[in-house]
Amino acid sequence: MKARFRSLLAALATLVAIPAAASAQVGSIAGTIRDAATRQPIPDVTVFVVGSPRAGRTDDRGAFRINQVPAGTVTIRAVRIGYSAKTKQVTVGAGEIANGDLDLGQSLRSLDQVVVTATGETQRKREAGNSIGDLNLANVPAASAGDFSNTLAARVAGVNVASSGGTAGTGARIRIRGSNSVSLSNDPLLVIDGVRINASSGGFSIGVGGQSISRFDDLNPEEIETIEVIKGPAGVALYGVQAANGVIQVTTKRGKVGKAKWQAFGQMGVASNIAAFPTNYGRLGVVGAGPGTTTRCNLDQQAYGSCTPVASASAGRDSLYTWNPLTSPISPIRTGPTQQFGVSVSGGSEAAQYFIAADQEKNQGVYDSNRLYRNNLRANISAKVNEDFKVGVQAGYVQSRLELPQNDNNLYGVLGAAMLGGAIDCSPRTPCGTDTLSRGYAPGQDIRDYVNYFDTRQDVERVTLSTNLSWVPSKYLTLTAVSGMDQLSRFDYQTVFPGFIRNSADLLAGSRTGNRINVATYTSNVSATSGISLTKWMTSTTTVGAQYISEVARGTFASGIGLIPGTNSLNAVSRNFAVGESNSVFNTFGAFAQQQFAFRDRLFLTAGVRGDNNSAFGTNIGYLIFPTVSGSWVISEEGFFPKQKVLSSLRLRAATGQSGQRPGFRDAVTFYSPVSVTVAGAETPALTVSGAGNANLKAERTTETEAGFEAGLFNDRVVVDFTWFNKKTRDALIAAPLAPSLGSASARFVNVGEVQNKGVEALVTAKLINTKNLAFDLTVNLATLDNKLLNLGNDDGGRPIPPIIFGLGGATQRHQNGYPLGGFWDRVVTGYQDKNNDGIISRVNCPGQPAGTGAAASLQCEVTLSDTAVYVGNILPRFEWSVLPTLTLFKYVTVTANLNHRGGFYQNNSTEGFRCGSAFYNCRSAFDKTAPLAEQARAISWWMGTRAAYFEKSDFTRLRELNVRLTAPQSLATRLGLAALSVDVAGRNLALWTNYTGLDPEVLQGSQGSNFGTADFLTQPPLRTWLTRVNITF
Amino acid sequence: MIRFLSAAAARAPKRALSGLVVPVALLLGACDTIKDDLLTVPDVDVARPSALVGLAALPTLRASAISEFTLAYSGSSGTEGAVTMSGLFTDELQFAESFPTRVQWDQRVLDPVNTSTGGVFRQMLRARAVAKLANERYVQYAANDPNRTEVLNLLGLSYLLVADVFCSGVPFSTLDDAGNTIFGQPLTRAQMLDSAKAAFDSAIAVGTRSSATTQTQLARLGRARVQWSLGDLTGAVGFLNTPTPIAATFAYNVLHSANSSRQWNGIWNFAANQRRWSVANGKGGVGLAYITGGDPRVRATRRSGSSGIGFDNVTPLFIPNIHPDRASPAVVGNGVEAELIRAEAEAVAGNANYLTRLNTLRANTALYACPTLLAGCTAPTALAALTDPGTAEGRIRQVYAERAFWLYLTAHRIGDMRRLIRPVAQGGYGYAANTVWPNGAYPLGGSYGTEVNFSIPLPDERNNPNFTGQCLDRNP
């Protein structure tokens, strides 16, 4: 083993030594890059010396300088998003400064845009054989885009961002090219400035009914320069064992050479609820022989003859009562102010550049108990020790204070209390018996109490640090080291004030919970890249490296009840103390190598391989190997390619690769959890079986193949980027049920599943009008997705694993062979008819339903159901398109929008289902004979034991964003002492077109933290927000 | 011809690809030496199987067996338990909430894919598995340890509980230390009772039958219960009376605590705390009137205000105040049951002493004294004496009504009601089901179902190759 290690060192030493012999006299290249049409200097242009690691970047005046360029004739290449790359041959004399002036023409092509690779190096998109979705945030209006998740929404083809609701501070479910895993997280990996970042989608330890916090949204878009989405294993193999769900790679803003540039903004706005909450119904009636009356004499009881409606207690009124607490004066829903202010400064010299930013956000939801305060700080410093040695330090700090309301699947939820409540406001009206307080679900309990007396919060302090070192010992070799950490400290806490919540004796006594959680992720990454020109037309680039990642989570949890009024601490609880601790550590070690051959800078063939081992693998599992191969060919630059205007450029590309997803902590081991039990009056330690391990458990392996092209049309005024992909996950972890008769854990993981996702993605960008006073750009992206569970596999006894049934209500969703993961399943209504013309669709005498008695004995069944559960629909959209137009008028007015459509998916409208079919029944079709028969049929089908009638097709089109920017003329800005001034008026969630009848087709009752669970159940729908923002530069 | 690559260049990528493996292998090989440091992580929060081996592990195993049985029997903050599941299924409790799976229990219209039933079923079998494991470890390290008696009793009670609550055909399997599955064959009800019998016999042997410890008395009571279930009242009484009669004051409880939510009394939690289920009163026309008369053996109490209405915001909520607190103990077996079996045997034999026996119990206020954790409780007055109904069936129904009150919410009622309608030839009384089980119109619409025991929950047991997917029979 030691011999092998010595061999490795010797190899590395050889790599370092090669260039030392190649040193020669050097000079510099300096110049200015200008727009070919306007002659204006272009900032942020990267100028490379082709075949060398030497590069420079233009400042605000378009100027750049590259030092330490070997004397002789070299080729420089200037690239920037929005312009065609251009090359120029420059002769550099020893000790001289050569002229590198270049003019660039505008273009929509992005072939020469630089992206960051898994190895920490950069490459041009033309070199990549896989599709990379990129987002330059300079082109995204910050006011309308909002937080990080929303910034991604509908902007990158193949990336589905589903908002979990309208609660301020909560997240969204992000899926890239579908869901790969049945059992493990399907969240993508997040990398910021080369460092792995905790992006847990379920970041709250205290239940509030469903909504949760996504750590994705700790990121402040104001600090981000670019977002790159590497969508699948074809491109992410070198990220290793956790990258199968794709990688979101974020590069934060860097300083630029030049004097200090200050930028500041302030935005204010208001968010409001736009959902139409349904009205509660009830009807007075006499149950059985009486004499007692009920306000809940429903149609089902009437059909069975067990309840007879009576006239209203109020003379002249029908006995059908209605009330809507959420539109009444007692509604706790109001508008929520939002504001955000930020300032940044950037600049620097050739030797060092800096970017420093501070940002404060206050965002209030539509409940008084929903607030988010967040402060972000960032300091990024890049320094050039000499031409060969560069260092960068990127540091970010987030402090947030979030208060969350009670909602969703929650006895104490505001919406639940209201929408499942009575049809009568008991405070001013009768009959409510002795209850004169009830204004919602619970007797004697005002729904506003749930806002006023639950105080549920999370405080976060988070530091992210990334350092990167780059050493170029010669023009043949670059050594790179990236290391960093992500330290997250959370305090989740809740106080229920004593004396108010009468539903529960414990809560009436007051309670306090305080959970402190620290999550740290450490990344160390080293690599060496050697670039050599093998011939005049062929270059070779070789990279080898290693990576170590450690993810450590520790938490302590404490709670108690019996809170002293006026206090707000665990110190003040008097009983039912509970304490717990949680510790988990994942360590990953990987090594990788990549070889690329480039032919005439047009054809690129790349192969790579990574080996990983992880602490979560079973004890019988060693290193897993993930290979990748890709090719990219800019065929339009070949001499044989016909020069024409219609097809002005074309690149073909293809890639295939593998990546993985590691098992969860303890998934591979058998273990027992400590519990307490009272034995002979004494608290005694005991154990309960919690995990039935599998020593052969390993990572899931996802193989993806993709192919596509980028075509420039009409002199590149229109660019089409098309990708076909097909990925299969094998060895998918399936929780194979263990027979209850074993008396063990309920399941154990085995690597037996197979999942497939395939589809196409297209991105069309067009510069349709480009005149002095009118410009119109259009971006359209679309994606299709065909997700299917190919095989759940067999258990260790060789028997097929039965479908995995889950979902809200226990059995509404399934993982079943041949169907999309998590699809909606249940028995469906196959027909209904009001056979006795009584205006009621009833289940009397239906198969499997209680028989009618008395007069009801002769009734015919009026609803038919399928005999078994059938597949109804999938949870992820099968297709999605977005239109993002940009209209510029007279240079000073810019209008942008984000219109998004999602189709081919279903939502579980459990809010209405529960209102119609559960014990809380209070919907119109439960009481009102004039309700449409179709509505009555689906209500009664719930009573018959199926929820399928409430699985609704949920195609929708939403105007997510509209932003109008007014840019002040330069003369006005100068008169005000500013370098630039603009004002944005922005709106979010402005319109929704859908046939879905629930509150919103996009909400997730279980939040984004739920891997597949999907339901619209008493969840606050997305809000509409209007904002005004002022941006200044000075 | 235009060639994109020379032949040599075309081969180069292939060579390079295979060459890539070398540096990666070198790096990985180098790191093999430090693999343990890099990839071995601590796991301090849980115990591994090695913690359950050796003499020192026996107290933990015994405590674990008690813990699992307690959870299976009377539940916790999140587990329903056999007592409440069967209570809702019979005439003891009434549904007052929203769970679609548990309304099936109340209505007795069961879906085989009922996750709530599956949870309780799994816990009942986990109680049996852990008791079995604990017994095996005792046999291995300390076969004569007196604490083994309790472990064996819990094993016997687990079999008995499954036999009472579920249909015939429940399999009992084993996951061994190596993680291998050893699937059991479905057992008939008689075979389950045989398993219980074996466990109780072993407990009696270990504890020595002449001993008067709680555990040996419990073993004899358990053994008597097996004979009672088989219709052998004489045999049952033999175990109760020999060598010394089990006293009416004997009791074996599982203990609950406010110490952790897992230790909460699930009966209190679901009825009083969560207001999910109310004490029933004349359920389905033939159910007993547990509320009317304020019987101190039930202590049905309606609280004021919102606490007096069920979770569903409609049903008047009467809580069983014999479980007034999360820390209230739950009776598993007691001397009253022994006395009731004796009374039943006498009633069947036409011996008028059965009534004396019943009335002696009713007169003993100490047997239904205030629960220790019930605040503001006033001492009960003695229950009025019963009179002879005058018919054989009347006497049996009278005995069973007394059993229902004395053994209220102890998971006995389902076995009682099954036995009342079980054919005489099978050791029952053969009464018509609609004179025993709730029937007619169901309050939430429709009618009560006809099931008299729980089916084995699917689909979880489906991966047991010995399991056919259904009960062997659904007979009472």
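**Close-up views of the predicted model**

**View 1. Strand β54 of chain A holds A:Asn989**. The strand spans residues 980-994 of chain A. In this predicted model, the phi angle of A:Asn989 is near 55 degrees, which is a positive value in a residue other than glycine.

**View 2. Chain B and chain A share an interface that buries about 8,200 Å²**. Chain B contributes 91 residues to the contact, and chain A contributes 106. Carbon and sulfur atoms account for 64% of the buried area. The rule identifies three salt bridges across the interface of the two chains. In a salt bridge between B:Asp43 and A:Arg666, the side chains meet with an N to O distance of 2.8 Å.

**View 3. Helices α6 and α7 of chain B cross at roughly 155 degrees**. Helix α6(B) covers residues 115-141 and helix α7(B) covers residues 147-165, and their axes come within 9 Å. Angles over 145 degrees count as roughly antiparallel, and α6(B) is therefore roughly antiparallel to α7(B). The crossing of these two helices is left-handed. On the side of α6(B), the contact is formed by B:Met124, B:Leu125, B:Ala127, B:Arg128, B:Ala131, B:Lys132, B:Ala134, B:Asn135, B:Tyr138 and B:Val139. The residues supplied by α7(B) include B:Val151, B:Leu152, B:Leu154, B:Leu155, B:Tyr159, B:Leu161, B:Val162 and B:Val165. Sorted by class, the contact of α6(B) with α7(B) comprises 15 nonpolar, three polar and three charged residues.

**View 4. Helices α3 and α4 of chain B cross at roughly 15 degrees**. The axes of α3(B), residues 58-74, and α4(B), residues 81-89, come within 2 Å. Angles under 35 degrees count as roughly parallel, so α3(B) is roughly parallel to α4(B). B:Leu71, B:Ala72, B:Tyr73 and B:Ser74 of α3(B) make the contact with B:Gly81, B:Ala82 and B:Val83 of α4(B). By class, five nonpolar and two polar residues take part in the contact of α3(B) with α4(B), with no charged residues.

**View 5. Helices α9 and α11 of chain A cross at roughly 75 degrees**. Helix α9(A) runs over residues 910-917 and helix α11(A) over residues 933-943; their axes come within 8 Å. Angles of 65 to 115 degrees count as roughly perpendicular, and α9(A) is therefore roughly perpendicular to α11(A). From α9(A), the residues A:Ser910, A:Glu912, A:Gly913, A:Phe914, A:Cys916 and A:Gly917 meet A:Arg938, A:Ala939, A:Trp942 and A:Trp943 of α11(A). The classes represented in the contact of α9(A) with α11(A) are five nonpolar, three polar and two charged residues.

**View 6. A cis peptide bond links B:Thr242 to B:Pro243**. The omega angle of this bond is about 5 degrees. B:Pro243 lies in a loop of chain B, between α10 (233-241) and β6 (251-254).

How values were computed
Residues are numbered from 1 along each chain as its sequence is written. Chains are lettered from A and ligands numbered from 1 in the order in which they are written. This is a predicted model: local features need pLDDT of at least 70, side-chain atom pairs count only at pLDDT 80 or more; totals for chains, interfaces and linings use all residues. Side-chain values use heavy atoms; hydrogens and water are left out. Axes are lines fitted to C-alpha atoms, for helices over the stretch in contact, and angles run from 0 to 180 degrees between N-to-C directions. Helices (H or I, at least four residues) and strands (E, at least two) are DSSP runs, numbered from the N terminus. A crossing is left-handed if the near helix is turned anticlockwise from the far one by less than a right angle, and right-handed if clockwise. Contact means heavy atoms within 4.5 Å. Ala, Val, Leu, Ile, Met, Phe, Trp, Tyr, Cys and Pro count as nonpolar, Asp, Glu, Lys and Arg as charged, and the others, Gly among them, as polar. Buried area is the accessible area (1.4 Å probe) that two parts lose on being put together, summed over both. A salt bridge is a side-chain nitrogen of Lys or Arg within 4 Å of a carboxyl oxygen of Asp or Glu.
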